[in-house]
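Please open the model in a viewer and keep the selection panel at hand.

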2 protein chains.
Amino acid sequence: MNDNWKKKFSTAACKTRPSPVRELLKVIKQPGMISFAGGMPAPEVFPIEQFAEGAEKLVSDGATMLQYGTTEGYDPLRNFLNQWTAPRLGRELSLDEILITTGSQQVLDLFAWVMIDPGDVVIVEDPSYMAALTTFYNHGAQFASVPVDGEGMDVSKLPALIESLLKEGKKPKFIYTIVNFQNPAGSTMTLERRRELAEIADRYDLAIFEDDPYGYVRFDGEHLPSIFSFDKAGNTVYAGSFSKILSPGVRLGWVSGSKSIIRQMAIFKQSTDLCSSSISQVLTYEYCRKGYLDAHLPNIIKNYRMKRDAMEESFRKHLAPQGITWVKPEGGFFYWLNTGGIDSDELARKALEKKVAILPGASFCLNPEAGIHAARVNYTYSQPDVIEEGVTRLAQAIQEMKLAAR
Amino acid sequence: MNDNWKKKFSTAACKTRPSPVRELLKVIKQPGMISFAGGMPAPEVFPIEQFAEGAEKLVSDGATMLQYGTTEGYDPLRNFLNQWTAPRLGRELSLDEILITTGSQQVLDLFAWVMIDPGDVVIVEDPSYMAALTTFYNHGAQFASVPVDGEGMDVSKLPALIESLLKEGKKPKFIYTIVNFQNPAGSTMTLERRRELAEIADRYDLAIFEDDPYGYVRFDGEHLPSIFSFDKAGNTVYAGSFSKILSPGVRLGWVSGSKSIIRQMAIFKQSTDLCSSSISQVLTYEYCRKGYLDAHLPNIIKNYRMKRDAMEESFRKHLAPQGITWVKPEGGFFYWLNTGGIDSDELARKALEKKVAILPGASFCLNPEAGIHAARVNYTYSQPDVIEEGVTRLAQAIQEMKLAAR
């Protein structure tokens with residue numbers, strides 16, 4: 001086997017790390033394994049029949065679906081999304097204010113291309129979505145962070161952070177936030193904080209990247225207006241995804257924002273993948289056009305609410321007595337456990353021996369001290385009885401660690 | 001309209017340029033426009049019915065197609081490609097030597113992530129595929145170039161070029177070549193040059209990026225072995241694409257190579273788009289599995305050969321008398337015209353007034369002197385009578401330019 005390659009690798013290649021989630025996808029295929037590790041939708045809520053209806057288009061509109069599309073995306077789908085997101089974004093956007101992407105993961109990469117020079121400071125939540133951190137890091141970003149609590153990013157800490165960065169001559173480029181049912185923390189930014197964040201960004205002339213893959217999967221309470229809708233200066237981009245409300249397999253996301261930032265992201269999309277799959281876009285548009293997106297969303301929400309409730313009950317029964325704490329998420333895919341004195345890396349290893357996979361906090365946290373006492377647990381993928389069994393195993397792992405530590 | 005954005009852009013964003021092809025896609029939709037500008041397959045050779053057969057999988061295998069896939073790609077499709085490309089690559093590769101990508105455009109981006117540090121020298125053919133140049137440029141590459149003639153890259157010039165770079169302390173990272181029916185030059189690298197290139201790369205310990213999107217679309221003569229098949233040291237990656245042999249709308253390509261480079265490209269794919277569309281991958285695999293890929297390829301070749309012949313005839317009739325010269329391509333999508341004394345930028349503008357779109361050479365050429373007297377002309381997308389009409393208009397444009405210059 002040749003290994004001339006490694007000595008030729010770029011600095012970025014030598015520094016980057018594989019995603020622990022993507023790597024775990026291989027492990028969790030083992031028989032008997034219970035996975036709380038990924039962020040996968042439940043297959044039973046895929047609207048298979050309704051989505052497959054669009055397949056007639058493969059014949060009647062085959063010449064479009066099999067051909068290159070424009071980089072900006074399939075116009076009918078862009079128009080649909082502009083209408084569909086209008087209540088959340090505060091107004092209906094025009095065609096040149098939206099770009100269709102290959103999953104919302106690509107939005108992170110394209111935005112980083114447009115915004116980040118090596119050494120630039122990006123303000124992120126701590127903890128945050130690890131594949132966003134990795135993408136920004138690959139582009140050479142340095143991180144400054146603001147803690148997340150039960151009410152989302154603690155924006156009261158922002159002005160002092162920004163001032164201190166400015167004093168060092170390091171003007172931050174943008175603030176990255178997952179506003180609803182944050183990954184991994186599970187919490188949602190309050191209305192007051194959203195307003196405040198938009199105001200702070202405006203005051204300091206900072207861009208905001210509002211990432212909202214989970215926002216439409218709300219179990220309790222009312223939808224809150226987006227930061228985008230408060231931002232009259234147009235400094236915010238809003239990223240959405242079909243992965244959690246329809247299917248990750250379509251690999252489609254989108255980004256909404258001012259014409260100039262959307263245009264520049266499209267230019268980088270030309271050189272990264274030219275355009276997103278026309279087949280996926282037409283099939284997805286057909287599904288949306290018929291009203292299925294809105295009609296099916298309650299089924300998804302109902303399924304995940306039921307599983308969230310099952311996990312809440314199992315946690316109360318098995319983990320609360322062990323001193324583990326958490327904030328109950330109002331939507332989305334994840335619980336974020338505070339493991340107290342328990343080392344979460346060790347817990348994850350121990351749990352894997354018992355055939356239950358969780359993600360230790362370290363990969364999500366800029367502050368390693370915080371990560372070592374936290375873990376992300378997914379509830380959308382497993383059935384309630386499996387959730388109960390998995391949480392039981394997790395509790396056993398904790399108990400054994402405590403006994404061993406005595 | 002907010003334009004706070006532009007002052008926040010990265011250096012890469014300020015320096016990059018939009019693709020003239022992608023931009024022209026908008027212009028050429030005008031009624032009456034004849035487009036020789038893009039590189040689009042002809043819709044009439046899309047195997048619509050056969051491809052649509054796979055749609056039954058949307059129901060029977062919906063849970064797989066709508067779910068996330070692994071970053072490396074759908075295993076059955078990877079296995080199929082490893083078998084299918086074995087004659088060309090000289091051996092059947094294993095699963096960890098192939099990565100499925102979102103079009104072969106993504107291979108360029110992922111390879112650049114792994115290999116290029118800002119300032120690194122990459123050796124390319126002059127002229128070359130403009131979106132490859134843009135991708136490498138976005139990643140900070142500097143270019144050294146070797147001219148392409150009727151027999152492909154003039155590899156005899158390589159050793160002196162490499163030696164002079166080494167003397168400057170600039171060891172090149174890799175050599176980028178489009179071996180078959182080069183885009184834009186149309187020529188194919190001879191067997192002798194392929195062997196020599198592999199030998200030179202081995203001698204100087206350089207990687208080779210062998211890009212082969214057109215290789216299976218050969219009208220005349222015999223297929224030649226890939227450089228990959230000569231490279232016993234494993235320093236070559238081979239990139240393939242479904243865009244020209246099935247459909248660009250599936251947005252699928254692949255890259256074959258040593259385990260360590262494939263693995264590292266997969267890690268960057270995790271942070272750029274996680275995985276390629278599962279829907280596209282399963283539909284494409286279904287098509288391939290049934291033998292349709294091989295069965296349909298002769299139809300594509302026949303259609304494009306007929307159009308190449310039509311263009312050859314029109315060129316002889318209308319352009320040869322004007323002093324325009326060219327090399328007849330044995331396959332692929334393009335003619336590369338030598339416009340002699342005619343400025344190709346001006347010719348392209350003049351032609352557009354007459355509603356025929358061609359691409360002036362400048363965007364493909366590192367040497368601007370060469371580009372100004374060359375133009376790329378596509379023959380796959382238009383019917384023979386349209387080709388004749390388009391070439392007639394082109395000849396008129398040339399004639400008018402000559403008259404005006406007197």
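Begin with the largest nonpolar core, which has 248 residues; A:Ile358 and B:Ile358 are those with the most contacts inside it. A nonpolar core is a set of buried Ala, Val, Leu, Ile, Met, Phe, Trp, Tyr and Cys residues joined through C-beta atoms within 7 Å. A residue is buried if 20 or more other C-beta atoms lie within 10 Å of its own, exposed if 12 or fewer, and partly exposed in between, with C-beta atoms placed from the backbone.

This is a predicted model, in which local features need pLDDT of at least 70 and side-chain atom pairs count only at pLDDT 80 or more, while totals for chains, interfaces and linings use all residues. For selections, residues are numbered from 1 along each chain as its sequence is written, and chains are lettered from A and ligands numbered from 1 in the order in which they are written.

**Stop 1**

Select A:Ile358. Leaving out residues up to four places away in sequence, A:Ile358 touches A:Phe36, A:Ala37, A:Ala348, A:Ala351, A:Ala375, A:Arg376, A:Val377 and A:Leu394; contact requires C-beta atoms, placed from the backbone, within 7 Å.

Next select residues 384-405 of chain A, which form helix H18. Helices (H or I, at least four residues) and strands (E, at least two) are DSSP runs, numbered from the N terminus. The 22 residues of H18(A) reach 31 Å from first C-alpha to last, close to the 32 Å expected at 1.5 Å a residue; the expected span is 1.5 Å times one less than the number of residues.

Which residues of H18(A) are buried? They are A:Ile387, A:Gly390, A:Val391, A:Leu394, A:Ala397 and A:Ile398. Viewed down the axis of H18(A), these residues fall within an arc of 110 degrees, so they line one face of the helix; the arc is that of the directions from the helix axis to the C-beta atoms. They pack against strand S1 (34-35), helix H15 (292-319), helix H16 (344-353) and strand S11 (356-357) of chain A. The face turned away from the buried side carries the exposed residues A:Asp385, A:Leu403 and A:Ala404.

**Stop 2: strand S6(A)**

Select residues 174-178 of chain A, strand S6, in which 5 of 5 residues are buried. A:Phe174, A:Tyr176 and A:Ile178 point one way, and A:Ile175 and A:Thr177 the other. Strand S3 (residues 121-126) of chain A runs parallel to S6(A), joined by 3 bridges, with A:Val124 opposite A:Tyr176. Strands pair if DSSP finds at least two bridges between them. Strand S7 (residues 207-211) of chain A is also parallel to S6(A), through 5 bridges; there A:Ile178 stands opposite A:Asp211.

**Stop 3: an open sheet in chain B**

In chain B, 3 strands form an open antiparallel sheet in the order S10-S13-S12. Its edge strands, S10 (334-338) and S12 (359-360), each pair on one side only. Select B:Trp336, which stands opposite B:Arg376 in S13(B).

**Stop 4: the interface**

Finally, display both chains: 78 residues of chain A are in contact with 78 residues of chain B. Helix H13 (residues 259-272) of chain A supplies the largest share of chain A's side, 8 residues.

Now select B:Ser260, which lies in helix H13 (residues 259-272) of chain B. B:Ser260 is partly exposed, with 18 other C-beta atoms within 10 Å. Neighbours within four places in sequence aside, B:Ser260 is in contact with A:Asp3, A:Trp5 and A:Lys6.

Methods:
Contact = placed C-beta atoms within 7 Å.
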